[in-house]
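Dear colleague,

Please find below the structure that I am handing over to you. My notes on selected parts of it follow directly after.

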Amino acid sequence: MPEVNAYKPKIVAFCCNWCSYAGADLAGTNRLNYPADVKIIRVPCSCRVNPMFILRAFQRGADGVILCGCHPGDCHYTTGNYYARRRMTLLFSMLDYLGIEKERTRVEWVSAAEGAKFAATMNDFVSTVAALGENKRLEDLRCKE
Amino acid sequence: MQKIGVFVCWCGSNIAATVDVQAVSDTLAKEPGVVYATNYQYMCSESGQNLIKDAIKQYGLTGVVICSCSPRMHEATFRKAVASVGLNPYMLEVANIREQCSWIHKDKALATEKAITLGRAAIAKVQLNAPLQAGESPVVKRALVIGGGIAGIQTALDIAEAGFEVDIVEKQPTIGGKMAQIDKTFPTLDCAACILTPKMVECSQNDKVHIYSYSEVTSVKGFVGNFTVSIKKKARYVAENKCTGCGECTTKCPMKNVPNEFNLGLDNRRAIYIPFAQAVPKVATIDPNYCNMLKNGKCGLCAKVCTAGAIDYKQQDQVIEERYGAIVVATGYNPIKLDKFEEFDYSLSKDVVTSLELERLMNAAGPTGGTLLRPSDGTHPHTIVFVQCVGSRDTSGCGKPYCSKICCMYTAKHAMLIREKYPDTEVYVFYIDVRTPGKNFDEFYRRAVEQYGVHYIKGMVGKVAPRADGKIMVQASDLLANEQLHIEADMVVLAAAIEPDKSARPLATMLTASMDTNDFFTEAHPKLRPVESPTAGIFLSGVCQGPKDIPETVSQASAAAAKVIGLLVTAKLTTNPCVAHCNELMCNGCSSCERVCPYGAITYVEKEFRMPDRTTQLRRVASVNPAVCQGCGACTVACPSGAMDLNGFSNSQIMAEVDAICQK
Amino acid sequence: MQGMMIARAKELLQNGTVNRVLGWQTGEFVYDITPAVFETAEELDEKFVYNAFCGNNLSKYLVKETKKDGKILVFLKPCDTYSFNQLLTEHRFDREKVYAIGIPCDGKTSGEMVKSKGLSGITGIDEDGDNITVHTIYEDKTFNRDEILEERCRTCKSKKHVAYDELIGEDGEVLDSHRFDMVAKLEAMTPDERFAFWRSQLSKCIRCNACRNVCPACTCEKCVFDNPASGIAQKAAADSFEENMFHIIRAFHVAGRCTDCGECSRVCPQNIPLHLLNRKFIKDIDELYGDYQAGAEVGSRAPLVNYTAEDVEPSIVYHREGK
Amino acid sequence: MNNNLKEQVLRMSGVNPLKCMRCGKCSATCPSYDEMEYHPHQIVYMVEKGEIEKLMASPSIYKCLSCFACVERCPRDVEPAKLVEAIRLAVIRQQGQNHLKAKDIPDLIEADPDLPQQALVTAFRKYTK
Amino acid sequence: MVYHYYPGCTLKTKAKDLDRYGRKSMEALGITLTELENWQCCGGAFTMAKDEIATKLSSVRALADSRDGVLVTLCSACHNVIKQTNYAMANDAEFAMKANNYSKFDVPYNGETKVMHYLEVLRDVVGFDNLAKAVKNPLKGKKIAAYYGCLLLRPSKALQMDNPENPKILEDFIRAIGAEPVLYPYRNECCGGYMATEDQSVAAKKSGQVMDSAAEMGADMIITACPLCLYNLTKNAPGHQIPVYYFTELLAEALGVKD
C-alpha cells in the first residue's frame, strides 16, 4: 500500500494504438498492477510522437515520459517505429547533454501480447523516476539563477 | 467552445468497484465546456446508448466523452450511436478507465483520481476535435499483373474467373517464366510444361485476360482503386495480329549464332525467333541486336518467307496507358551471377553448370533433346557433383544472406532423375543442411537417398579444378567422416542462390511499394497480410516477395487474386478520415514527409500563392492523398515547419492531453 | 580577391548571365558586414566588399532572391556551399536561377573578436597568408590568423566547395577538424555540471530570434513557433513552454539538416554557444548512424528521415558514459 | 574449458566463431588439410567450445600456410586463419615456446643455399615471438 | 606523382632479377621508381592478431614516409603485408592509435597512402593497351601460365587487387607482352609457402599440384611475382620441367631492356 505522503511522480506514457496500447489493455485484462501515476496517451504509432510532446510534458511538470511502440520490424505501419527510434535516441541524448537525468525518458517496445511486460516496465519506470524525485530542470533551464 | 457531454460507465462493478463513478461525473461536470455529465451501469447497452443519444438531442451536445472500457473495445459502438442522432462520429473520445484504470488499481481514491485525470484529457482533446468525413473513392474494375510466370498466370486466371478484366505485362516475348524452363516438378515429378502450358493457353483464350508480352511498365500514377499505368510495348518487328506462329521465318533466318536465352545460352537460336514451341503468344520476335536487316538494312529474308506478311521492320515501341483498380507484382527471380564464386570454376569449365542449366540439359525440348550430356564434349557424365548453397546463406558480401529455399528440393529431384535414367552415374550432393519442410518433401529427399542411392555428404566444396583430360577435380570436406575428399567428376552442378528480378527495384519505386535490403517486396504484415504490400492496392505474388517453390507460389498467387477480387467488387472505397493533411501556407516543399511516408501518399504540386504584396508566387507544396494515407503520423514529426498534421491526433489535441494529464 | 570577384561579377552582369549579384557590403562600421544585392557595375565598385569580416552565409538569401525574375550571382565560401546544397536538397530554391561562384576562405574574424584584442577605431582589415592586419585610426596591428579567427573557423570542417558553377582560386580539402572537442568536453562533465553550464548559457537568451533568422536551415514559410496550431506558439507570457524549450526544439528541427555553418552563434547578441547544441546532434548522428554531413551532396537522405533495421536502441543513452 | 584463454584468442583474432554455420568450406578449401590433426572447421568449433589448450598442444597450428583461402571463401566471414594465428601466438608468446629458433637458421641455409630470405623471415615471424 | 618503391629483403638478395628488371622496365615506360630511404623488412607475413603492433611498424613507417605519393611494391609478400597493414591503419582505430603512439610521427598516419602493386601500376597507370604499344619484342607464340599464389590476391577485402577467384591482371599482362595466357585452376592456390622450412614435403606436394595443373593445360612457362613461389616451384617440385620466371624478366625482354 502506498504511504500517505509518499512522493508521487507524474508519468506520461505514449502508446501506439496497435501494439503497446493493446498491451496495456491486456495488462488490465490480466489485472496486472502498476502505479496509478502512469497516464497513457493513445497515438496511432510511435512515429506520431513529436519530441515537442515530450518536452511539453516535462515542462508542464511530468517527472518521466515513456514511449511504447511495436517491436522493431513489427510496426503496423511497417517503418514508423524505426523513425521513432532514431528521433528518441537523439532527443534523449540531447536531454542528457543538457543535464536532464536520462533515466526520466525511456522507450520500450511492447507488443499486444506483452501485458506482463507492459506492467513490469511501468513498475520499473515509476520506481526509477520516483527515486530521482521531482523534475525541475527542464522547467528551470531558462530561468535566471 | 464545444458543448460536451460526459458519460461515465460503471461496467457493472468492473469500474464502479474501484472508481467512484459518481465523483468522476460530478468532478468532470465542472470542467470547461462540459454541459452535461452522468454515470450509468452499462453505457454500451441499448439503454446506455439511448441515454447518450437523448442527451445529445436534449443538450445540443457537440462533443461526447465516454469514460468506459478501452476504445479498442467499444469506440466503434459509441461512434455509431452518436452518428445515428446526427453528431459527427469523430466528435467522440473514449477515456479508458477500465483496462487502464479500475482493473489495475486497488486503491479507490487513487483510481478515482486517475479516472478523473483521464476524463479531463479526453475532454481537453474533444475540445479540439473537428468533424471528419470518411472519404469515398471509386474503384476501376480492372487489374494489372506485372510478370507472366506461374505466379502472374495463376493470379490473372483467378481474377478473370471472378469476372474482372485483367492485363498481364510480361517483359519476355512469351509468358511462362521460369516454370517453362523447368523440366520436372517436385515432389510429384510431373512434367512442368504439361501442367503449365494449359494455363498459358487458358490465358490466351480467356476473354478477360489480356497479355502484353515483350512489354514493360514505365510509370505508375494514382492510388488504390485508381491507378494509371503506362506500358511500353517494345517493338518486336512482327505484327502480332498477323503472325500465325508458323515458325517458317525462324528456320530461314541466316543469323544462326544467337545465344538462346531460353536454353540459357547452351545452344543457339536465329535473330528471329519464337522462344519455345508452346509460347504464348505464339508470335515471332526479331532480336534487333542481331538482325542484319535492322542493323544495316541488308537481308529481309524473313519478310520474303512470311506468307502472312507479318514482318514489319519499321515497327516502333508503343506506349499504352491504362487504368487499374489493383496491381499485382509477380516479377519473380533469377539465379545470381556466379562471378564471385569462381572457386567453383564456373567460367573456366563448360561442365560446371547451374541447376537451371541442368534443367535445360535434361529437358526433352532442351539443347540435348533430353539426354544428359556434358556441354563440353557431348559425352555422357558418369560422376556428377552437386554443390548446395552457392551464394545462399552467405553473409560475406559475395552472395545472399537468406536461404533460397528451393535448392534442397530441386537438387534431390535432379539427383533422383539422373539416377533413375542413368543408373551407372554416381551422384554426390554436398550439403550444409538439407531443408525439406513441406508436404511429402522430406519423404522425397529420403527416397533420393534410400531408393536411388544418391550420396549425400555433409560438407562444402572448396575448390573445383578442371583438368586437361576433361575430368573435374572436386575438393570438398566430408564433415561427418572428418576427411577432405577429392572426387574426379564429369560434371558439377551449382545450386546458385536466387534473387529478385532486377526489374523489381525500379518497379517498387514506381509503385512506392517498400522492399527489404535484398530487394524482396515487403508484405503489409509478415503473418497476417502476407500477399499485400503496405501500399494500398498493390499485391504480391510469387518469389518477388520471398523465395518459394511452385506450390507455395500458386497458393500465394491465388491468395493475391482473392485480395484483388475483394477490392474490385467494392463499389466505392471508404477511406479512413484520420489521415494526414498539409497546411499549404506553411509547407516548404522540402520532401522530408515524402521520405518517411511508407505508402507514397505524399506528392508535390506547384501551387500559386498570393503574397501580402499582392503578387503571386509559385511554390512546391506537399499534397496528401487521403485514399492512400493510413494515418501513421510519421510525416507530422518529420515536417520541420509543422505544416503536416494528423486528423484525429493533431498536434494541438495531443498537446492538450499532455497538458490535462500534467495539470497541477 | 575582392578585385577579381568584382571584375567577374561585372562580366557576368555585362554578358547577361545574371542580372543581380548577391554579396557583402559594409555597414556603419567596417566590421559591420551585411549581405546585399547589387544590380550595376557602379554599385559593385562602390560597395562590394570581401574581406576577413565577411562571415555571413549568403545561401539562405537565395530562397527569397530566386523568386524574383532573372538569374542571380552568388559568392559562396566553402562552408556556405554545404548550406547551398542542403537548401537544394529541400527544394528551397531553383538552381537554374543561380550562378554560384566558389571563393576561397581562410577563416573569418569579427568586429567583436578584434575589439576583444583591445583595438578600437577600426578602419580596415587585410589578409596576407597567415597574417591578418587590422587598421585602426591609431595603429596597424598584425595578428597571426589563429589568434583572431572565430571559433567556427578555427575548427573549420572543410575548405572544399561542394557546389559551384565556377571557382575563383583553388579548391581545398575536407578537413579533419576538431570541431567536436567542446561537445566531448561537455559530455565528459557530470550531469550537474552540464545543467549548470546550459542553464547559465540559455538563461541569457532574450528571444531576439536572430539565430533563427540567420539559420540557413530555418527557412520555413512559417516557423512552428509562430504557428498557433503547433501547440507551442502561445506567445503570451502565461506560457513559458516556448521560452524554455525554444533552443532545444530548434536544434531538433534542424538536426540532420544543419550543416554546422555556425551562423547561429555568430549572430547571437548574448554570445550563447548555440552551435554546441547542433554539433551534439551531428556528433551523435555520426557516431550512431554513420558519418553524415548535411549538404555534402544534393539529394542525400537526412538521418532523421532514414533508418536501418539494426539501428541502436534509445537505451544506448544510458550506457554511453562520457559521450 | 579455459575461458580466459578463449577470451584471449577471441580478442586477439577479432573473430566471432558463433557466425560459423558449420558448412565446412574452410576445410574443403584448406591446402594443409592432410597435414592437420584438427581441421579448420574443427578449430573454429573448438574455439567456440573453449578447447584452446587442446589446440595449443596440437601440431596443427604450425601447418597453416596463412594462404587466406579459408578467409576468402568462408560464406559467413568467420576468418578461421585468424583463429589459428591467435592460438599459435598464445603458444609462442610463452617463455621458451618459439617454434623456430634462431639457432636453427644456419642449418636451414646450409641445407639449401637457394632458400630465399622471404621464407626465413616469414617462418620466423610465424613461428617465433 | 612520386612513385615510392619498396623493394623488400629478398629483392636485394636472392631475387635481384625481379627487382632489376622491374626497375628497368618501369624506367622504359616513363615511370621512375624512387626507392624509399630507410625501408626495413616487412617481415614477410602479416601478423593477423589485433594486438601485434611492433611487427607491423616497419610497414607503417614505409607507408607514412610515402604520404606524398604512391607506394609501389613488387614482391607479393611485401605487397600483402603492406596493404594489409595499410587497411588496418585505415579501418582499425585502436591499432592505428597504438601504431601512431609508437611511431611518433609529426602528423598521425591513418592509412592515407595509396599502395599499388607493380602490376597495378602497369594496369591502372600505364595501361595494358599502352604497354602493348611499348613492346618491342613481343613474346609471340609463348604459352604462359600466370601463377598468382595466395599473397597477391588474398584477403581481397584488404588487397583490392583483382577478383580473388578469377583474376585477370597477369593474364592481361601476358597478352600485353604478346604471349598467350594459359588458364589453369591452381593459379591461385598456395605453393606451400614458408612450410618449406617446416616440412619440405608439403611444399613439394602443393607446388607439384600447381605445376601439374599448368603443364597439362599446355603452359610453356610460368610467371610469378613472388620469390618464395619461384623457389618452391623450381626447387620443391621435382620432376617438373616448365621454367618459372619473374614476370618482370619477361617484361624487360618484351620491352627490349633486358641486358
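**Strand pairing in chain B**

B:Val429 stands opposite B:Tyr456 in E23(B). Strand E22 (residues 426–431) of chain B pairs with strand E23 (residues 455–458) of chain B in the parallel sense, over four bridges; strands count as paired if DSSP finds at least two bridges between them. Helices (H or I, at least four residues) and strands (E, at least two) are DSSP runs, numbered from the N terminus. Between E22(B) and E23(B) the chain passes through helix H13 (residues 441–450) of chain B, in a right-handed β-α-β crossover. Right-handed means that, with the strands pointing away from the viewer, the path from the first strand over the helix to the second runs clockwise.

Please note that this is a predicted model: local features need pLDDT of at least 70, side-chain atom pairs count only at pLDDT 80 or more, and totals for chains, interfaces and linings use all residues. Residues are numbered from 1 along each chain as its sequence is written, while chains are lettered from A and ligands numbered from 1 in the order in which they are written.

**The two domains of chain E**

Chain E is assigned domain 1 (2–119) and domain 2 (128–255), with bounds from an automatic or database domain assignment. Their C-alpha centres lie 22 Å apart. The contact takes 22 residues from domain 1 of chain E and 20 residues from domain 2 of chain E, where two residues are in contact if their C-beta atoms, placed from the backbone, lie within 7 Å. On the domain 1 side, helix H1 (16–28) and helix H3 (76–91) of chain E each supply at least two residues. By class, that side has ten nonpolar, eight polar and four charged residues. Ala, Val, Leu, Ile, Met, Phe, Trp, Tyr, Cys and Pro count as nonpolar, Asp, Glu, Lys and Arg as charged, and the others, Gly among them, as polar.

**Contact between chains E and D**

Here 36 residues come from chain E and 32 residues from chain D. Helix H9 (195–198), helix H10 (200–216) and helix H11 (227–235) of chain E are the elements that give two or more residues to the chain E side. That side of chain E comprises 18 nonpolar, ten polar and eight charged residues.

**A residue in chain C**

C:Thr34 lies in strand E2 (residues 33–38) of chain C. C:Thr34 touches C:Gln25 and C:Gly27, leaving aside residues up to four places away in sequence.

With kind regards
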